[in-house]
Structures are given as C-alpha cells and as structure tokens.
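User: I would like to learn how to read side-chain contacts in a model. Please take me through them one feature at a time.

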Amino acid sequence: MLKKISPLISPELLKILAEMGHGDDIVLVDANYPAASSGATNYVVANGIDIPPLLDAILELMPVDWFVPDPVKLMEVAAGDDYVPEIQDTFKEILHKHGVKDDQITTLERHAYYGAADNAYCVVSTGERARYANICIKKGILEPNE
C-alpha cells in the first residue's frame with residue numbers, strides 16, 4: 001500500500017507509468033476497443049474501471065507533454081454516425097483540471113487512432129461502456145520543482 005496513489009492504479013500500471021519517458025504515449029480505451037490485439041509495447045487490463053476517474057488518477061501522477069502541438073488525441077466519430085460522445089467533454093474537463101488546453105487536444109479518424117495506439121508504450125483496456133471513449137496521452141517532463 002502506498003499513500004496518495006489512487007486504488008484505481010494497479011501496481012502493474014504504476015510500474016508502467018514510472019517506466020514511461022518523455023514522449024511515450026499511454027492510451028486508455030473503452031471496453032469495445034481491440035486492445036489485446038494492439039501492437040503497443042505494454043497492455044494492461046483495468047476491467048470494471050471507467051475511464052474518467054482513471055484518467056484523473058493518472059494525470060495526478062503523469063505530466064502531459066507541452067512540447068508537441070497535439071499531446072492528447074481522441075477518437076473521431078465515424079462518418080455517418082450521428083452519435084455525440086459526451087464522454088469526450090468529460091475527458092476535456094479532467095484535462096483542463098490538469099492544465100491541458102483545448103488547442104492541445106485533437107481527434108483522429110478511427111483507423112488512424114488504431115495506428116497511434118499500436119505505436120503507444122501502453123494500452124489500458126478499461127470497463128468503460130461509452131462509445132468513442134478512447135484517449136491517447138503523450139507523457140511530458142517533470143520540472144525541477146515537481
């Protein structure tokens with residue numbers, strides 16, 4: 001047991017977050033995402049955990065890269081689908097809380113998103129049931145005073 005570490009973050013995920021370096025990507029994906037077949041270096045299962053509280057817990061520990069134009073990527077709604085992914089607004093609220101600005105967030109078409117996830121350091125498969133509930137975050141640096 002550790003103090004100040006959310007119980008949503010498993011020991012395996014904590015180890016991976018610590019191993020990640022500047023520029024590495026972590027991808028949190030919904031329950032429908034083909035995470036096990038992704039080409040990511042690491043794969044973590046977080047069954048039963050919704051993404052918003054897990055995202056918040058991760059961002060308490062991990063800085064977001066501000067050196068690149070789009071350190072946060074969301075999955076774009078497919079052409080012809082009129083679904084409104086309200087969960088992405090929730091993601092943005094959490095990101096704002098941790099200092100991420102709107103112009104640092106972009107969307108990728110579904111297959112381009114799969115490609116980004118395949119190149120990630122880690123994909124975390126969650127129990128999130130909302131559609132288009134996928135978020136890719138590039139790890140930043142810690143400042144000397146952090």
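**Side-chain contacts**

Analyst: Glutamate 19 and lysine 15 are four residues apart in helix H1, so about one helical turn separates them. Helices here are DSSP runs of H or I with at least four residues, strands are runs of E with at least two, and both are numbered from the N terminus. This is a predicted model, in which local features need pLDDT of at least 70 and side-chain atom pairs count only at pLDDT 80 or more, while totals for chains, interfaces and linings use all residues. Residues are numbered from 1 along each chain as its sequence is written, and side-chain values use heavy atoms, with hydrogens and water left out.

User: What do the side chains of glutamate 19 and lysine 15 form?

Analyst: Side chains of opposite charge can pair when their charged atoms come close. Glutamate 19 and lysine 15 form a salt bridge at 2.2 Å, N to O; the term requires a side-chain nitrogen of Lys or Arg within 4 Å of a carboxyl oxygen of Asp or Glu. Glutamate 19 is partly exposed at 36% relative accessible area (buried is under 20%, exposed over 50%, partly exposed in between, with a 1.4 Å probe and protein chains only).

User: How many salt bridges does the structure hold?

Analyst: There are four. One of them joins aspartate 81 and arginine 131 at 2.4 Å, N to O. This pair links distant parts of the chain, 50 residues apart: aspartate 81 is in the loop between strand S3 (72-75) and H3, and arginine 131 in the loop between strand S5 (122-126) and strand S6 (135-138). Aspartate 81 is partly exposed at 22%, and arginine 131 is partly exposed at 36%.

User: Which ring does the charged end of arginine 131 sit over?

Analyst: The ring is that of tyrosine 83, with the charged end 4.2 Å from its centre. The rule asks for NZ of Lys or CZ of Arg within 6 Å of the ring centre and within 35 degrees of the ring normal.

User: How many aromatic pairs are counted?

Analyst: A pair of aromatic rings is described by the distance of the centres and the angle of the planes. The count is four, where rings of Phe, Tyr and Trp (its six-membered ring) pair if their centres lie within 6.5 Å; planes under 30 degrees apart are stacked, over 60 edge-to-face and the rest tilted. Tyrosine 33 and tyrosine 113 are edge-to-face, at 6.3 Å centre to centre and 75 degrees between the planes. Tyrosine 33 is buried at 7%, and tyrosine 113 is buried at 1%. Ring pairs link Tyr33, Tyr113 and Tyr114 into a cluster.
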